Amino acid sequence: MAALKARYDHLLGKERPEIVEIVSWAAGNGDRSENGDYIYGRKRMREIDRELAYLSRRMKALRVVDPVNQPDKTRVFFGAQVELADEDDARQTVRLVGDDEQDASAGRVGWSSPIAKALRGAHLGDVRTVRLPGGTKEWGVMGIIYD
């Protein structure tokens, strides 16, 4: 939520006013049909307005959840850090986060991802099958942490 709000504030408070100023200056230069600053500025302004509308919708729909306040810490829900082991006992740790926060290289998987869908509601010791583009894979839940 904080990242979306920061992006929204940056676009609305800094980028958009700068583009409006450029477009106003370019419009005063005469023929707008061949004025690159005017044409690019208008295009960029539409892109910013589209992104502002998207961010506004996302922020209205979002609900901030504190994983520490999860009432049932024995099952995997939003915000859980889960230690997994596959058939070869290769272990990895993932955290279930919102789709806007996902970053696979940091071990944060989005709530709508196949692995998160498979893990939802799992208990310690459960084995879950994940359907991936390359086939199915089984993961065992070795640990659940809410911090």
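Predicted model: local features only at pLDDT ≥ 70, side-chain atom pairs only at ≥ 80, totals over all residues.
Before you click: residues count from 1 along each chain as its sequence is written, and side-chain values use heavy atoms, with hydrogens and water left out. Local features need pLDDT of at least 70 and side-chain atom pairs count only at pLDDT 80 or more, while totals for chains, interfaces and linings use all residues.

Select 2-27 and 36-61, which are helices H1 and H2 (helices are DSSP runs of H or I with at least four residues, strands are E runs with at least two, both numbered from the N terminus). Their axes come within 9 Å and cross at roughly 160° (axes are lines fitted to C-alpha atoms, for helices over the stretch in contact, with angles from 0 to 180 degrees between N-to-C directions). H1 and H2 are therefore roughly antiparallel, the label for angles over 145 degrees. The contact of H1 with H2 has 17 nonpolar, two polar and ten charged residues (Ala, Val, Leu, Ile, Met, Phe, Trp, Tyr, Cys and Pro count as nonpolar, Asp, Glu, Lys and Arg as charged, the others, Gly among them, as polar).

**Stop two: the sheet.** Now show the strands. You get an open sheet of five, ordered E3-E2-E1-E5-E4, with mixed pairing (two strands pair if DSSP finds at least two bridges between them). E3 (108-110) and E4 stand at the edges with a single partner strand each, so one side of each has no neighbour in the sheet. From one strand to the next, the twist averages 45°.

A hairpin links E4 to E5 through two residues, and Thr129 stands opposite Glu138 in E5.

**Stop three: the largest pocket.** Select Leu62, Arg63, Phe78, Gly98 and Glu101, the closest to the pocket's centre of the 22 residues lining it. A pocket here is an open set of points on a 1 Å grid over the protein atoms alone, where a 1.4 Å probe fits, with protein on both sides within 12 Å along at least five of seven lines; lining residues have an atom within 4 Å of a point. H1, H2 and E2 (91-97) each give two or more residues to the lining, and E2 has the largest share, three residues. Colour the lining by class and you'll find twelve nonpolar, three polar and seven charged residues.

Methods. Parallel < 35°, antiparallel > 145°, perpendicular 65-115°, else oblique.
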